[in-house]
Amino acid sequence: MREVWDWEAWTEQLVGDAGEDLSGVFTNVKVHTLRVTQVKWATDWETRAFCDLALHLLYQHHLTDTSSPSLSHELKLFKNLGPEDLMRHASRLIPDAHQADRLDRQRWLDTWRHQAAFLEDLIAYLFRPGVVLRRVRQVQEELVAMAPALTLGDLIREGTEAELQSTLASPVVGLQTFIQAALPRQPRIQQAIHAIETTALDEWARLYGAVFPAYGLSLRPGASWLDMSRLFDALIEGVLLKARTLDHIPCLANGDNLLAGGIFALLPALCDIPAAQVDSLTVCEPIRWKPDPRT
């Protein structure tokens, strides 16, 4: 059973970078008006709230437990996301009745005019890189904080568990995965996924380049931290697919989760370390890493 999200918790999941400017995301708002008007409406809380409501409805329709949904139901990807549907959903979900009443059909029509424009902005809003990277940074900060008290082996075990649990619990990642699978050739989605993955891979490469040397490891000739990031990312994607299908994180016979087991197998090929040493190495120098403020 997926988690049930109230309005406050749901909107927190969709927060991006501090001070983000949504005027570059909502490009179909008030299209026949002056730029200053477009920016004003794009950054208004009501415009954002319509998208938060629509994504909550999508999550309910497709990613919560239902009573044996039919194939025809699943194929109606953006079913029931019109202005009247959002208005009704606002009255049910938003605790502040005054705020909910402001999200009416006329406010929606004044913003987008037609459904195609709204859906294009909705997809751009969902696939903002800042939303995903905020979750990634939180996991990375946890890894750096726990590393001095753990052997490398235990850091990999606890770190992989934290990353998998964080990803599986994120409704944003769930919606992105679902819509990407449903619309794999949509150009804007492809571009957004590429931007997210490129930045995330670079961020993980920076982290690996700080954490692994702190345990005394160096790369083998010809390898790079970005290579490590790409290989580990491929493992993560495969394990996440298995976990979503099985509804639990798969483990090996020795109890390690499948992602940790894959990393243990790959690590000696990337770094100068015998596999037997992974559980004896401890941090021998400070980890010099901070999240990149530009991302």
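Visitor: In which loop does Asp 247 lie, and what is its phi?
Guide: In this predicted model, Asp 247 lies in the loop between α13 (225-246) and α14 (258-270). Most residues other than glycine have a negative phi. Asp 247 is not a glycine, and yet its phi is positive, at about 65°.

Visitor: Is Asp 247 buried or exposed?
Guide: A residue counts as exposed when its relative accessible area is over 50%. Asp 247 has a relative accessible area of 67%, and therefore it is exposed.

Visitor: Where does Arg 113 lie, and what is its phi?
Guide: Arg 113 is found in the loop between α7 and α8, and with a relative accessibility of 59% it counts as exposed. Although Arg 113 is a residue other than glycine, its phi has a positive value, near 75°.

Visitor: With which side chain does the side chain of Asn 28 make a polar contact?
Guide: Leaving aside neighbours within four places in sequence, Asn 28 is in contact with Thr 111, Trp 112, Ala 117, Glu 120 and Asp 121. The side chain of Asn 28 reaches the backbone oxygen of Ala 117 at 3.4 Å. Its polar contact with another side chain, at 3.1 Å, is with that of Asp 121.

Visitor: Which residues touch the most other members of the largest nonpolar core?
Guide: In soluble globular proteins, nonpolar side chains tend to be buried together. The largest nonpolar core here has 48 residues, and those that touch the most other members are Leu 55, Phe 118 and Leu 122.

Visitor: Which helix gives the most to this core?
Guide: Several helices each supply at least two residues of the core, including α3 (45-63), α8 (115-126) and α12 (187-214). With 10 residues, the helix that gives the most is α3.

Visitor: Which residues does Leu 122 touch, not counting those up to four places away in sequence?
Guide: Leu 122 belongs to the largest nonpolar core. Once residues up to four places away in sequence are set aside, Leu 122 touches Cys 51, Ala 54, Leu 55, Leu 58 and Leu 81.

Visitor: How many disulfides does the count come to?
Guide: A disulfide requires two cysteine sulfur atoms within 2.5 Å. For Cys 284, which is in no disulfide, the nearest cysteine sulfur is that of Cys 271, 13 Å away. The count of disulfides comes to zero.

Methods: Residues numbered from 1 in each chain as written. Predicted model: local features only at pLDDT ≥ 70, side-chain atom pairs only at ≥ 80, totals over all residues. Heavy atoms only, no water. Core = buried A, V, L, I, M, F, W, Y, C linked by side-chain atoms within 4.5 Å. Buried < 20%, exposed > 50% of the residue type's maximum accessible area, 1.4 Å probe, protein only. Helix = DSSP H or I, 4+ residues; strand = E, 2+ residues; numbered from the N terminus. Contact = heavy atoms within 4.5 Å. Polar contact = N/O pair within 3.5 Å; in protein donor to acceptor, adjacent residues only side chain to side chain.
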